Amino acid sequence: MCAAASLAMLMGACQCRQDTQATAQRWSEEKANEWYAQLPWMAGADYINADAINQIEMWSGDTYNHDQIDKELAWAEDLGFKTLRVYLSSVVYENDPEGMKQRMDDFLTVCQSHGIRPLFVFFDDCWNAESAYGKQPAPKPGVHNSGWVRDPSASLREDTVSLYPKMEAYVKDVLTTFKDDDRILLWDLWNEPGNSDHDLSTLPLLKRVFGWAREVNPSQPLTSGIWRWTDDFAPLNAFQLEHSDVISYHNYNDVDDHAQCIKYLTMMNRPLICTEYMARRNKSFFQTIMPLLKANKVVAINWGFVAGKTNTIFAWDEPLPDLQEPPLWFHDIYRQDGTPFSQEEVDSIKALTKN
């Protein structure tokens, strides 16, 4: 739940505690709000093509699927989506840096043809601890994100002397390559730092990632979204809130809880981007949350688009290996033939995005 009182106290701390060196190049409130004022209200989804089980399979040379992406992004365009949140892969970069950047360029070209400006995510603390380049595992039936991988792998984090230079080269090269590319909306440097019991151990690398990004100084804003609203995560939340140009967050709860979070995050006086929401079982619905986000001019990015190898139509904690499709989808909008889980939802989304 959104711990409003704790969050309000945290924001008070944010306003009085500043890391001078790290925040010297952070966008001012004025610059961030001027950037945002030029944009229409935007909706979109966390996106991976249906035939990829994880970030590695999406971006690897032998499995990158231009035609599948183009087909699915046509459906996103039809919905009125103007952005997508897309995870990159340091594993693919390490093994094929130039190829991955070429495929990113191709992806951006496809996005542009459909009127979409994506945001890219560099790192992630969620799901499987280890990953490897090459052929990825098949999905486990009925298991949510059975093949999704943390980035970097947990074992690599034990040797920071080796890890940090590799991650620095990755971040700086990708940012430098696309730092002035107006097809990109923004950069999300780390998804859910501290998840999977990493807790505060992610913070030292997160700080360095922001520092490397600031050295490149891309024309697009930087962010990392807060997601766990508890006192034990206060150091992580404070760092993210203090160093993001625009404020991003996750909320999978009902409309009242979500409204409370927006109320307190608005105190930061910066643009707000909800980079994950919509879990039907948790009463986070398009029909209730999207109007709230639009009314507050918060970018609305739901988790999931086309049901596929990630199996995110199944809930995080409710594996259903005997079912091809649960009666109530957890995430996602479309089946692979383009039919929606709910036509009512699609109609509601289109009604909100057409204006």
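Start by colouring the chain by pLDDT, the predictor's confidence in each residue, from 0 to 100: the mean for this predicted model is 94, and 94% of the residues reach 70 or more. Local features here need pLDDT of at least 70 and side-chain atom pairs count only at 80 or more, while totals for chains, interfaces and linings use all residues. Residues are numbered from 1 along each chain as its sequence is written, and side-chain values use heavy atoms, leaving out hydrogens and water.

Next, select residues 16-24. Here pLDDT stays under 50, and the model has eight contacts (heavy atoms within 4.5 Å) beyond four places in sequence for this stretch. Where pLDDT is low, the predicted coordinates should not be read in detail.

Now move to Ser-153, in the loop between strand E3 (119-124) and helix H8 (160-178). Helices (H or I, at least four residues) and strands (E, at least two) are DSSP runs, numbered from the N terminus. Is Ser-153 buried or exposed? Ser-153 is buried (under 20% relative accessible area, with a 1.4 Å probe and protein chains only), at 4%. Show its neighbours too: leaving aside residues up to four places away in sequence, Ser-153 touches Ala-129, Glu-130 and Ser-131. The Ser-153 side chain reaches the backbone nitrogen of Ser-131 at 3.1 Å.

Finally, select helices H12 (residues 286-295) and H13 (residues 343-353), whose axes come within 10 Å and cross at roughly 10°. Those axes are lines fitted to C-alpha atoms over the stretch in contact, with angles running from 0 to 180 degrees between N-to-C directions. The crossing makes H12 roughly parallel to H13, a term for angles under 35 degrees. Show side chains: Phe-286, Gln-287, Met-290, Pro-291 and Lys-294 of H12 meet Glu-344, Glu-345, Ser-348, Ile-349, Leu-352 and Thr-353 of H13.

Technical notes. Parallel < 35°, antiparallel > 145°, perpendicular 65-115°, else oblique. Buried < 20%, exposed > 50% of the residue type's maximum accessible area, 1.4 Å probe, protein only. Polar contact = N/O pair within 3.5 Å; in protein donor to acceptor, adjacent residues only side chain to side chain.
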